[in-house]
Amino acid sequence: DGLERRSGRVPLQHILGTQEFMGMEFFVNAHVLIPRQDTETLVETVLNEQKNRNISVLDMCTGSGCIAVSLKALGGYARVAAADISPEALEVAEKNAGTYPVEFRQSDMFAAFEPGRDMFDVIVSNPPYIPSEVIRGLEPEVRDHEPLGALDGKEDGLYFYRRLAEECGRHLKLGGRVYFEIGHDQGAAVTALLEENGYRNIQVIKDAAGMDRVVRGTWPGQIRK
């Protein structure tokens with residue numbers, strides 16, 4: 001029963017099958033990262049800064065779909081797309097989208113997106129960002145029950161930010177923006193990666209607890225060297 005599973009450190013959200021996020025209920029299971037309150041900072045930042053509803057938004061590494069579905073539901077953006085490498089995660093995300101029209105695509109990062117054709121005004125991502133070494137020390141609820149692929153940012157935790165910084169520009173319209181959730185100690189490193197790849201107006205945004213949580217930058221669209 002639930003108590004037994006909970007005493008075995010199965011997360012409560014997996015037992016109940018739901019987690020609240022941005023005032024909405026999301027279905028969760030072992031195939032997706034449980035939505036965290038920290039991530040509401042990412043969604044709120046986009047909603048506060050992107051008032052034009054007639055834009056296209058891509059959520060890369062969508063997992064449960066909580067970011068993409070919240071942006072569609074609360075932002076009312078014209079086009080919201082979401083991608084994940086995991087077909088099991090996408091099943092959960094599609095269930096969470098319900099009647100909201102979010103386009104889902106199975107893709108290893110941008111592999112299934114065509115530069116020049118698949119273009120967006122905004123790309124958001126909460127990628128895996130925990131250094132591999134650190135994962136072993138996490139609470140059993142996280143380490144043993146949440147999908148490793150949604151947590152593991154490889155050796156230094158920055159693997160996916162490198163790929164995002166290098167690849168997002170091929171899929172952003174001129175003046176488009178990126179918004180990435182980060183670990184509390186990754187602001188400077190992710191800022192540097194965006195700078196190296198030609199982004200402008202880069203800013204680190206803090207969460208409700210005063211920790212660095214989101215990095216955003218603007219793509220001026222110059223040709224890459």
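**View 1. Helices H8 and H9 cross in a right-handed sense.** A crossing is called right-handed if the near helix is turned clockwise from the far one by less than a right angle, and left-handed if anticlockwise. The contact (heavy atoms within 4.5 Å) is made by Tyr161, Arg162 and Ala165 of H8 with Val190, Leu193 and Leu194 of H9. By class, these are five nonpolar residues, no polar ones and one charged residue; Ala, Val, Leu, Ile, Met, Phe, Trp, Tyr, Cys and Pro count as nonpolar, Asp, Glu, Lys and Arg as charged, and the others, Gly among them, as polar. The axes of H8 (residues 159-167) and H9 (residues 187-196) come within 9 Å and cross at roughly 25 degrees. H8 and H9 are therefore roughly parallel to each other, a term for angles under 35 degrees. Axes are lines fitted to C-alpha atoms, for helices over the stretch in contact, and angles run from 0 to 180 degrees between N-to-C directions. Helices (H or I, at least four residues) and strands (E, at least two) are DSSP runs, numbered from the N terminus.

The model is predicted: local features need pLDDT of at least 70 and side-chain atom pairs pLDDT 80 or more, while totals for chains, interfaces and linings use all residues. Residues are numbered from 1 along each chain as its sequence is written, and side-chain values use heavy atoms, leaving out hydrogens and water.

**View 2. Seven strands form an open sheet with mixed pairing.** Their order is E5-E4-E3-E6-E7-E9-E8. Strands E5 (103-106) and E8 (200-206) stand at the edges with a single partner strand each, so one side of each has no neighbour in the sheet. From one strand to the next, the twist averages 15 degrees. E4 (residues 79-84) pairs with E5 in the parallel sense over four bridges; strands pair if DSSP finds at least two bridges between them. In this pair, Ala83 stands opposite Arg105 of E5.

**View 3. Helix H4 lies across strands E3, E4 and E6.** H4 (residues 66-75) runs at about 175 degrees to E4. Helix H3 (residues 40-49) lies across E6, E7, E8 and E9, at about 150 degrees to E7.

**View 4. Strands E1 and E2 form a hairpin with two residues between them.** E1 (residues 18-21) and E2 pair in the antiparallel sense over four bridges, and Gln19 stands opposite Phe26 in E2. Met22, in the turn, has a positive phi of about 55 degrees.

Key. Parallel < 35°, antiparallel > 145°, perpendicular 65-115°, else oblique.
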